[in-house]
Amino acid sequence: MTTMAEKDEAYFPLTPSQIESYLRDGILVVDDLLAPDEIDEANVGLSQTLKEEYGVDVNDLEGTGCGLRKASSTNGAGGVLDIFYPEWKMKIATNETLFRMTCQLWKEAYCHSGESLEDCMALKSTMTEACNDGDISGNNSNSNSIDVDNSFKWHPYGLFDFNKGFMYIDRIGYRIPTKIAESIGRRLLETEAENDEVRESSSPKPKTTITTMRSYQSNKKKKKSRQKKVAIQRSLTPHLDCCPETFFATALHHRNNHPATSSATAPTATNTAHENNDTKPSSTTSESLPLSANTKKWRPIQCFVSLTNNLQPNTGGFEAVPGFHREFRSWVESGRRQRSSASSTSATANKMAEEQDLQVEVEAHPKQCVGEYTHLSPKHDWWIMERVKHVPVKAGSVVFWDNRIPHANSYRNDAPLLPDNRQNNHLDRDDDKMKTNNGLSTQISSSGARAVVYCSFLPDVEANRQFIWGQLQDWKMCRPPRVGDRWIDLDDADDGDERKHSDGSSMEANESARVERLGELGRRLIGLEEWE
């Protein structure tokens, strides 16, 4: 007979030390979410998707990697690819253990009973101070205890049931080695230059005028600009995926203007009555901030599941600023100012600023966020960027981080290539197993590529119920998501077109099979079935 303690352990799989690590750092790495055979299955699925949809052969990135441009609406930033719905990816995104871990973090790290900010500020707790080695796995035992307040747990979205939620259908990350990305970029640039020469030679030469000279100089600048951005992929610089100035206002808007419902329902005209308020914020209090038209969800925890090892810095991997979620509110209230004057700027910050021809100085308001994307710059945010650390991740591990944590991936991916097609994901496995699936799984990492599946969940609050309804319509139509901050430029005229699957069959013929593959939990997470 299963005991209550065993049920709790299955339902909430994280240990107390892992919970404490997340509370302290706002980041948590949990190993072995996926078993070795599940990692292989996902890598094979990724390889097949890249080949069938974009013509990219993981065994020949040098020759076929140019196809990655078609898969990226971020112009190669971070190696982020617009791959949303393949079965292998949705299987990871609906992983029950992953969801239960998220529920446990919601329970422990965020107010869910309607507490006020004052209530949270009054609560004190003890947590262990992070060690100098930067371990954020929750396994530290040589740390000092410190007293902290719990105000960082507060949010303005009100009470919610931490056992219920929805999936956020996100992209994947596939960052190829920088040398390969640059090599492909140079070839593409040479091809473009050759095409330009052909066009110029076949066109009649105009008379030299001021206008033609300006046109010539403009084209010359464009060519230089293309040469600077030669690589088809590049890093994703330190940023936040929430807008500090509208972080609190959105929730209050939804709470005050939308009646509570128990499931994802179709939005009405009253649901969007205030979405076009462009009033400039006069202060950073939650009562006065405007609603951002692009902020349509509350995603307190972001996460990805890694399909490859990424243990060393400068290999295209995840970087973040541990503990910043506990400073976020005071940073916003200060107008996102620097901590100190330019005279105390460190040598590293001065060097960063000098390389970008910037002057380090104190300014109250840096560049505003774009939707939910907030860029950090060496000029204004050097004291934050100096704290960015590489987060080591093994294949099959999941990384959680608070959405108030600045994060990035490394400037370069200089991962060593493994010519014998062996990778360090499964060093303890026998040779026969390593040769399965035509080597597709092992080739993902032996090529030096970093592969991750971005997959997170949304608490069951009103703002997210509205968001999920729109996301569900996109999933049903097999079209890229059109709600949220995914930066996909789509033609609304295609709304009525019948979508085709990669096998040529119609969307309607496969819809029942897609629903069935989701499973009971998946159907609730995507909004097809209500939570009980």
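This is a predicted model: local features need pLDDT of at least 70, side-chain atom pairs count only at pLDDT 80 or more; totals for chains, interfaces and linings use all residues.
Student: At roughly what angle do the axes of helix H2 (residues 16-25) and helix H6 (residues 96-109) cross?
Tutor: Helices here are DSSP runs of H or I with at least four residues, strands are runs of E with at least two, and both are numbered from the N terminus. Axes are lines fitted to C-alpha atoms, for helices over the stretch in contact, and angles run from 0 to 180 degrees between N-to-C directions. For H2 and H6, the axes come within 10 Å, and the crossing angle is roughly 60°.

Student: Before we go on, what pLDDT do local features need?
Tutor: Residues are numbered from 1 along each chain as its sequence is written, and side-chain values use heavy atoms, leaving out hydrogens and water.

Student: Is the crossing of H2 and H6 left-handed or right-handed?
Tutor: Look at how the near helix is turned from the far one: anticlockwise by less than a right angle is left-handed, clockwise is right-handed. The crossing of H2 and H6 is right-handed.

Student: Which residues of H2 are buried?
Tutor: Buried means under 20% relative accessible area, exposed means over 50%, and partly exposed is in between (1.4 Å probe, protein chains only). Seven of the 10 residues of H2 pass that test, so the helix is largely enclosed by the rest of the structure. The buried residues are Gln18, Ile19, Ser21, Tyr22, Leu23, Arg24 and Asp25.

Student: Switching to charges, how many salt bridges does a search of the whole structure find?
Tutor: Side chains of opposite charge can pair when their charged atoms come close. A salt bridge here is a side-chain nitrogen of Lys or Arg within 4 Å of a carboxyl oxygen of Asp or Glu. Searching the whole structure gives a salt bridge count of 21.

Student: How many residues apart in sequence are the parts that Glu62 and Arg187 tie together?
Tutor: These two form a salt bridge whose closest N and O atoms are 2.9 Å apart. Glu62 sits in helix H4 (residues 61-64) and Arg187 in helix H8 (residues 178-202), so the sequence separation of the parts they tie together is 125 residues.

Student: Which residue pairs with Glu87 in a salt bridge?
Tutor: Glu87 itself is exposed, at 51% relative accessibility. The closest N and O atoms are 3.6 Å apart, and the partner is Arg517.

Student: What separates Glu333 and Arg329 along helix H11 (residues 328-333)?
Tutor: The closest N and O atoms of this salt bridge are 3.2 Å apart. Glu333 and Arg329 are four residues apart in H11, so what separates them is about one helical turn.

Student: Where is Val453, and how far is its C-alpha from that of Ala93?
Tutor: Val453 is found in strand S13 (residues 450-459), and it is buried, with a relative accessible area of 0%. Its contacts beyond four places in sequence include Trp88, Ile92 and Phe304. Val453 and Ala93 are 360 residues apart in sequence, yet their C-alpha distance is 8.1 Å.

Student: Is Val321 buried or exposed?
Tutor: Val321 sits in the loop between strand S8 (318-320) and H11. Leaving aside neighbours within four places in sequence, Val321 is in contact with Ile27, Ile384, Arg387, Val388, Ile405 and Pro406. At 1% relative accessibility, Val321 counts as buried.

Note on methods:
Contact means heavy atoms within 4.5 Å.
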